[in-house]
Amino acid sequence: MLAEPTEAEWAAAVAAVRAVPADGRILLICHVNPDGDALGSMLGFAHGLLRLGLDRLQATFPGPPEVPEPFRGLPGLELLVPADRVDPAPDLVVCFDAASESRLGTLVDRLDTAGTSIVLDHHASNTRFGGINLVDPHAAATSVVVEQLLDRLGVPLDVRIAECLYVALATDTGSFRFDVTTPAVHQMAARLLATGLRPGDISRRIFDTRPFGAVRLYGDVLTRARYEPEAARGLGLAWTYATRDDLTRYDQRPYVLEPLIDSIRCTAEADVSCVVKQVGDDEWAVSMRSKGGVDVSRVAVALGGGGHRLAAGFTGRGGADDVVAAIRAELDGAVINP
Ligand code: 5GP
Ligand code: MN
């Protein structure tokens with residue numbers, strides 16, 4: 001199951017891109033609520049296609065067409081088109097960092113209307129929903145797959161491609177801190193940096209900048225954090241929630257809550273952490289993390305979502321307490337290292 005793409009799959013993807021005529025239309029889609037890997041992989045590939053002379057390009061993601069502030073410096077944002085205005089039937093569609101069709105929201109029909117579809121991803125839970133699937137569960141980020149495909153297409157790295165792929169790689173490795181940070185990851189980072197990137201500027205923009213209102217909002221949300229030592233067969237759970245009222249009170253946009261999980265998962269006493277973020281009247285976006293005792297992707301998949309062993313998520317319904325109760329009920333069965 002955890003296999004890298006085969007040579008036949010790489011060849012099929014290369015052939016599918018090469019088959020697009022110079023005036024052919026290409027649509028790039030990344031997952032809803034895009035993170036650095038989704039946006040960076042998509043825009044990095046877009047720059048590569050431009051280098052191949054394929055310039056009838058649209059890039060998009062489902063939902064509100066708002067790019068989170070940390071990513072507003074990425075080169076290529078001018079290619080973004082709101083989801084309700086993208087090409088209804090492109091020649092080629094390429095999807096990035098989406099583990100399943102549900103992550104494409106209203107854009108899922110393009111898989112059928114496009115001439116060909118390619119899925120680029122690194123989630124073990126990927127459902128292989130494309131015509132051609134380049135899914136590498138060992139890759140630290142989708143951008144690792146993108147770099148390989150660009151290489152096979154004969155596109156050399158330039159500083160624009162590199163900045164996008166670096167943001168993606170840094171995002172999914174937690175700034176080169178997580179266990180996915182293999183020698184190959186550092187070798188890729190070295191290739192990207194060699195194009196002349198300024199990693200200090202990029203990291204400050206992506207990870208270390210937030211509005212003062214968000215700093216104070218974090219105060220409120222962290223004050224209500226809970227620690228449950230008995231959860232996950234005694235491995236422990238730390239969690240909190242943030243409502244739309246919290247955002248309104250400090251005049252903040254939802255994306256400011258993305259790094260909130262990092263302020264919860266540092267809890268020494270708990271293996272598992274989660275943050276429950278209100279996105280609708282009774283709808284919550286859930287982020288979960290584990291330090292290795294629990295496979296949180298099992299919890300996420302059981303509750304309709306997906307992700308990786310140590311980082312996963314899903315959309316929950318009801319109140320915040322209902323969502324956490326559903327997680328608690330799945331945790332015991334997801335313990336892999338008691
Ligand atoms: P995050 O907590 O950073 O939003 O997401 C962690 C991981 O879980 C990511 O790999 C992401 O793709 C996955 N994930 C988060 N939310 C969902 C969801 O609603 N559905 C699916 N399938 N995966 C999700
Ligand atoms: Mn990713």
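One definition before we start. A crossing is right-handed if the near helix is turned clockwise from the far one by less than a right angle, and left-handed if anticlockwise. Keep in mind that this is a predicted model.

Now apply that to helix 1 and helix 4. Their crossing is right-handed. Helix 1 covers residues 7-18, and its axis lies 10 Å from that of helix 4. The angle between them is about 65°. Angles of 65 to 115 degrees count as roughly perpendicular, so that is how helix 1 and helix 4 sit to each other.

Which residues in helix 1 meet helix 4? They are E7, W10, A13, V14 and R18. On the helix 4 side, the partners are V145, Q148, L149 and R152.

Helix 4, residues 142-152, turns up again with helix 6. Helix 6 runs over residues 183-193. Look at V185, M188, A189 and L192 there: they are buried. They share one side of helix 6, because they cover an arc of only 100° around the axis. An α-helix has 3.6 residues a turn, so residues three or four places apart point the same way. And what covers the buried residues of helix 6? The cover includes helix 4 and also helix 5, residues 159-172.

On to charges. Side chains of opposite charge can pair when their charged atoms come close. How many salt bridges are there? The count is 21.

Let me zoom in on E66. E66 forms a salt bridge with R253, at 2.6 Å from N to O. E66 sits in the loop between strand 2 (57-60) and strand 3 (92-96). R253 sits in the loop between helix 10 (244-249) and helix 11 (260-265). So this pair ties together parts that are 187 residues apart in sequence.

E66 has another partner, R72. Here the closest N and O atoms are 3.6 Å apart.

Last pair: R298 and D295. Their salt bridge is 3.6 Å, N to O. R298 is partly exposed, at 44%. D295, at 11%, counts as buried.

That's my set. Questions, please.

Technical notes. Residues numbered from 1 in each chain as written. Chains lettered and ligands numbered in written order. Predicted model: local features only at pLDDT ≥ 70, side-chain atom pairs only at ≥ 80, totals over all residues. Heavy atoms only, no water. Salt bridge = Lys/Arg side-chain N within 4 Å of Asp/Glu carboxyl O. Helix = DSSP H or I, 4+ residues; strand = E, 2+ residues; numbered from the N terminus. Buried < 20%, exposed > 50% of the residue type's maximum accessible area, 1.4 Å probe, protein only. Arc of directions from axis to C-beta. Contact = heavy atoms within 4.5 Å. Axes fitted to C-alpha atoms, helices over the stretch in contact; angles between N-to-C directions. Parallel < 35°, antiparallel > 145°, perpendicular 65-115°, else oblique.
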